[in-house]
Amino acid sequence: MTLRLGDTAPDFEQQSSIGPIKFHEWAGNSWVVLFSHPADFTPVCTTELGLTAKLKPEFDKRNVKAIALSVDPVESHTAWIKDIEETQKTVVGFPIIADADKKVANLYDMIHPEQSATATVRTLFVIDPNKKIRLSITYPMSTGRNFDEVLRVIDALQLTDGYTVATPGNWKDGDDVIIPLTVQDPEVLKQKYPKGFKAERPYLRVTPQPNK
C-alpha cells in the first residue's frame, strides 16, 4: 500500500508495550510521530528511542504523541525498554508497537525487500489531529534519523496550518516566513499581515510575525 501526503493514516489495532492499542483512538486530538525500527536492541535503534524519550517535553509543547514500531514481540520490547533507559539515561514514556505479524508494517509499507524481507526500514510519519499524513521520511537501516528535523517540520506544519505563510529552506521557529505568491491583493495583504511585511527577493514578501 502506498501512502501519500494528505491520505488518511490507516487505523489499526495491535499489541504494544503498554497493551493493545487502537491507533486512531489512542492518537485522539494530538499530532503523532509514528516511526519504525528494524529490530530491538540494535545500537542505532537504541539511540533513536533514547533521543525520542528525551524529547518528550518538546513533543508535549507541540501536542505531539510519539509511537514506535518494530516486528519484535511485546516481551522483547519490555526488556529493550529497560536497556534503553539504562544506557540512554532516560525514561521511555511512549509505546512501542509489537508488530510481530507485520500487520502495521505492511499497512504502512515499512518493509522494503531490497533492504530486508523481514525487518522494517526507518520509516517515519507525522500525522495531524485529523489523522492526515503530513510528512513521510524513510531512512536506510544503517542511518539514524535527525529528530531536530522532525521537530522543525512539525513547527513548520503547525505554523502554516494557522497562518497563510510558507517556510523557506532551513527555516527554524522564529525565522522570517514567506507570504505565498497566491496572496497578491493589497487589501488582503493588509488584512492578513497587519504588522507589515517586506519585499525581499527571491521570497517576494516575508514577515517575521505572521497574523491570521
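This is a predicted model: local features need pLDDT of at least 70, side-chain atom pairs count only at pLDDT 80 or more; totals for chains, interfaces and linings use all residues.
A salt bridge here is a side-chain nitrogen of Lys or Arg within 4 Å of a carboxyl oxygen of Asp or Glu.

View 1. The closest N and O atoms of Glu-58 and Lys-61 sit 3.3 Å apart, and the pair counts as a salt bridge. Both residues belong to helix H3 (residues 56-61), where they are three residues apart, or about one turn of the helix.

View 2. Arg-152 and Glu-149 are three residues apart in helix H6, which means about one helical turn separates them. Arg-152 is partly exposed at 22% relative accessibility, and Glu-149 is partly exposed too, with a relative accessible area of 26%. Elsewhere, salt bridges with shared partners link up into one network made of Glu-58, Lys-61, Arg-62 and Asp-155.

**View 3. Asp-161 and Arg-134, a salt bridge between a helix and a strand.** What does this pair tie together? Its closest N and O atoms lie 2.8 Å apart. Asp-161 is in helix H6 and Arg-134 is in strand S7, so the bridge ties together parts that are 27 residues apart in sequence. Asp-161 comes out as partly exposed at 45% relative accessibility, and Arg-134 as partly exposed at 21%.

**View 4. Asp-128 in the loop between S6 and S7.** Arg-134 turns up again here, as one of the residues that Asp-128 touches. Asp-128 sits in the loop between S6 and S7. Is Asp-128 buried or exposed? With a relative accessible area of 7%, Asp-128 is buried, because the label applies under 20%. A polar atom of the Asp-128 side chain lies 2.8 Å from the backbone nitrogen of Asn-130. Not counting residues up to four places away in sequence, Asp-128 touches Ser-30, Trp-31 and Arg-134.

View 5. Six of the six residues of S3 are buried, so the strand is largely enclosed by the rest of the structure. Trp-31, Val-33 and Phe-35 point one way from S3, and Val-32, Leu-34 and Ser-36 point the other way. S3 and S4 run parallel and are joined by six bridges, with Val-32 standing opposite Lys-65 in S4. S3 and S6 run antiparallel and are joined by four bridges; in S6, Val-126 is the bridge partner of Val-33.

**View 6. The largest nonpolar core.** Nonpolar side chains tend to be buried together in soluble globular proteins. This core has 28 residues, and the members that touch the most others are Val-33, Phe-35, Leu-49, Phe-59, Phe-94, Leu-124 and Val-126. Strands S3 (31-36), S4 (64-70), S6 (122-127) and S7 (133-139) each supply at least two residues of the core, and so do helices H2 (43-54), H4 (74-88) and H6 (147-162). H6 gives the largest share, six residues. Which residues does Leu-124 contact, leaving aside its neighbours within four places in sequence? The set is Val-33, Leu-34, Phe-35, Leu-135, Ser-136, Ile-137, Arg-145, Phe-147 and Val-150. There is also a second, separate core of 20 residues, with Ala-9, Ile-97, Met-110 and Ile-127 among them.

**View 7. Cys-45, a UniProt-annotated position in helix H2.** UniProt marks Cys-45 as "active site", and the entry is unreviewed. Cys-45 is located in helix H2. Cys-45 counts as buried, at 0% relative accessibility. Beyond its neighbours within four places in sequence, Cys-45 is in contact with His-37, Pro-38, Ala-39, Trp-80 and Arg-122.

Terms used
Residues are numbered from 1 along each chain as its sequence is written. Side-chain values use heavy atoms; hydrogens and water are left out. A nonpolar core is a set of buried Ala, Val, Leu, Ile, Met, Phe, Trp, Tyr and Cys residues joined through side-chain atoms within 4.5 Å. Buried means under 20% relative accessible area, exposed over 50%, partly exposed in between (1.4 Å probe, protein chains only). Contact means heavy atoms within 4.5 Å. Two strands pair if DSSP finds at least two bridges between them. UniProt positions are given in the numbering used here, feature names are shortened, and annotations may be inferred rather than shown by experiment. A polar contact is a pair of N or O atoms within 3.5 Å; within protein, one must be able to donate a hydrogen and the other to accept it, and residues adjacent in sequence count only if both atoms are side-chain atoms.
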